Amino acid sequence: MENRNARIRIAIQKSGRLSEESFRLLAACGIYVKPRKEQLFCHSDNFPLDLLLVRDDDIPSLVSEGTCDFGIVGTNVLEEQSLQKKTSLKNDNEIVRYLGFANCRLALAIPKNFPYQDFRSLKNCRIATSYPYILAKYIKEKKLNLQITTLTGSVEIAPRLGIADGICDLVSTGATLEANNLQEVETVFKSQAVLIKTLKDFSKEKQGVAKLFQNRVEGSELANGSKYIMLNAPKSALSTIVTLLPGAERPTVMELQGDANKVAIHALCRENIFWETMEQLKLAGASSILVLPVEKMMT
Ligand code: PRT
Ligand code: ZN
């Protein structure tokens, strides 16, 4: 019978901007979970992992308390809650990996007709935000005096309602600010999704599963930004060509049969390869250039 203590539990957002990519990450790790409608707890049949589908705001504390072993959340939520908890609870989780999705920034924005020169123009202004702790830390560092008005949603309409002079809210494309006649003036905090892990102790069996899971996340992340390149080149161009390969480590170089002056070069590139790089390789003498995606990687 399967040992229940050896299953890991991960909290991810039920529905919202983090959900799709969180599921995609699990799939890239070869972990298949099929949540049924309205089901908050589901398990994977092919990996000892259970999923808890919740609101993103609940994820840091579920992981801190050890109800879940891992979680995927934005650093905005993590930072806000850990600044808030500094006065009460200790934050009991760690970031194990930056995941590179749900990128956004917490920014200060003001009405377009506001006479703004630099952040000192905001002195004594009322700023509406859902992130009062991150904003308080920022203004303390900047030695700026502001009045913070905490709102839980629809922050962007606060200036129009006359309850604030400006806002501090998450921005990704800037379309919401534009639609509300606001201009972005300062970046307060840059955010992206992260994988967090509890600092509570794991049983020995769970430790093994957790390590396996983290290795798969790392492997899929590494593979994500990597390409495998194969090309032929004159031996004399070898050193130039190797310097052109982005993020390549120790390429394999093989002599081509029937042509002692030419070699085949194969390399794993840890960065994307753009058309410009291929054109430069061709100019340096490379031919038959093939770029292949890397699906999985284990180092
Ligand atoms: O229900 P639940 O509490 O789980 O979801 P939520 O409504 O709190 O969060 P959700 O799904 O909106 O966002 C989840 C996480 O995605 C956030 O905590 C961020 O880490 C990240 N993220 C990335 C964003 C954005 N981009 C974003 N653009 N979160 C919110 N926005 C909002 C922003 O508040 C503003 O209203 O989108 C609007 C601005 O977008 P642009 O593209 O018009 O600039
Ligand atoms: Zn939320």
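**Helix packing, sheets and cores in the predicted model**

Helices α1 (residues 19-28) and α7 (residues 204-224) have axes that come within 9 Å and cross at roughly 100°. On the α1 side, the contact is built from Leu 25, Leu 26 and Ala 28, while α7 brings in Phe 213, Val 217, Ser 220 and Glu 221. Sorted by class, the contact of α1 with α7 comes to 5 nonpolar, 1 polar and 1 charged residues. As with everything described here, this comes from a predicted model.

Next, an open sheet. Its 4 strands run in the order β13-β14-β12-β15, and the pairing is antiparallel. β13 (252-256) and β15 (287-293) sit at the edges with a single partner strand each, so one side of each has no neighbour in the sheet. From one strand to the next, the twist averages 15°. β13 pairs with β14 (residues 259-269) in the antiparallel sense, over 5 bridges, and Thr 252 has His 266 of β14 as its bridge partner. Helix α9 (residues 275-283) packs on this sheet, where it touches β12 (227-234) and β15, and its direction makes about 155° with that of β15.

Turning to the inside of the protein, the largest nonpolar core has 33 residues, and Leu 108, Leu 122, Leu 146 and Val 188 have the most contacts inside it. The most comes from α4, with 4 residues. Leaving aside residues up to four places away in sequence, Leu 122 touches Leu 108, Ile 110, Phe 114, Tyr 116, Leu 144, Asn 145 and Leu 146. Another core, of 26 residues, lies apart from the largest one and includes Ala 6, Leu 18, Leu 51 and Leu 99.

Since 6 of its 6 residues are buried, β11 is largely enclosed by the rest of the structure. In a regular strand, side chains alternate between the two faces of the sheet. Here Ala 193, Leu 195 and Lys 197 point one way from β11, and Val 194, Ile 196 and Thr 198 point the other way; all are buried, the lysine included. Strand β4 (residues 70-74) runs antiparallel to β11 and is joined to it by 5 bridges, with Val 73 opposite Val 194. Strand β5 (residues 93-98) also pairs with β11 in the antiparallel sense, over 5 bridges, and there Asn 93 has Thr 198 as its bridge partner.

Technical notes: Residues are numbered from 1 along each chain as its sequence is written. Chains are lettered from A and ligands numbered from 1 in the order in which they are written. This is a predicted model: local features need pLDDT of at least 70, side-chain atom pairs count only at pLDDT 80 or more; totals for chains, interfaces and linings use all residues. Side-chain values use heavy atoms; hydrogens and water are left out. Axes are lines fitted to C-alpha atoms, for helices over the stretch in contact, and angles run from 0 to 180 degrees between N-to-C directions. Helices (H or I, at least four residues) and strands (E, at least two) are DSSP runs, numbered from the N terminus. Contact means heavy atoms within 4.5 Å. Ala, Val, Leu, Ile, Met, Phe, Trp, Tyr, Cys and Pro count as nonpolar, Asp, Glu, Lys and Arg as charged, and the others, Gly among them, as polar. Two strands pair if DSSP finds at least two bridges between them. A nonpolar core is a set of buried Ala, Val, Leu, Ile, Met, Phe, Trp, Tyr and Cys residues joined through side-chain atoms within 4.5 Å. Buried means under 20% relative accessible area, exposed over 50%, partly exposed in between (1.4 Å probe, protein chains only).
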